[in-house]
Amino acid sequence: MGVFVTINKLLKQMGSLYVDLFKEIKKMFKDNIKKVTRSVLMGVGAFSLCALLAVAAFLIMGTYNKYIFTASNWAEYPNDRINMIKSMESQYDFVGMTSNEVEELLGKPNYSTLKANCEYIDLADVEYEYVAQYEINKESRSIVDMIDKNYVVAYNKGKVVYANVLIAD
């Protein structure tokens, strides 16, 4: 009988060891699942943020590229011409160009007139024969651009003597 009691005690001790071992394994899995879940969620969040930033950069660059002056952008985006002026003026100095050279870049003007029919105050001190006007903010929705502005090119003897943004007369 003593042997049976000893075996029974050993089985109880082994049983409690197995129960403790099972509890520890369960706790370890539970802790690791939390860590793994947290890591996965952080990874998904970081990836989503990077993807969102990439899409935003792509959209911003697409908008920004149409503000860079090229003859094709000028023709294709007439409502955004006002945003291309700075880029255009950094690339080209129109003074001294012929009307053909200007029209290669800007196309046919929306309006042209002789000096006698022109009332731009900024041109009062400029010697010119006629001006060509290019609409630059016709359909702009910006409150800053509510006043009609034109890109005005003044010519004398077939060459540009003045080019700038002026308020429409």
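**A close look at one loop**

Mentor: Happy to! This is a predicted model, and its chain holds four helices and four strands.

Find strand E3 (149-156) and then strand E4 (159-167); Lys157 lies in the loop between them. What is the phi of Lys157, positive or negative? Lys157 has a positive phi of about 55°, although this residue is not a glycine.

Next, is Lys157 buried or exposed? Its relative accessible area is 72%, and the cut-off for exposed is over 50%, so Lys157 counts as exposed.

For contrast, visit another loop, the one between helix H2 (71-76) and helix H3 (81-91), where you will find Asp80. Asp80 has 13% relative accessibility, and because buried means under 20%, Asp80 counts as buried. Which residues does Asp80 touch, leaving aside those up to four places away in sequence? They are Lys66 and Tyr67.

Now step back to the chain as a whole. Buried residues make up 22% of its 169 residues. The accessible surface of the chain is about 12,400 Å², and 62% of that belongs to carbon and sulfur atoms. Finally, take the contacts between residues at least 6 apart in sequence: 47% of them join residues at least 24 apart.

Note on methods:
Residues numbered from 1 in each chain as written. Predicted model: local features only at pLDDT ≥ 70, side-chain atom pairs only at ≥ 80, totals over all residues. Heavy atoms only, no water. Helix = DSSP H or I, 4+ residues; strand = E, 2+ residues; numbered from the N terminus. Buried < 20%, exposed > 50% of the residue type's maximum accessible area, 1.4 Å probe, protein only. Contact = heavy atoms within 4.5 Å. Areas by Shrake-Rupley, 256 points an atom, 1.4 Å probe, with all protein chains shown as cover.
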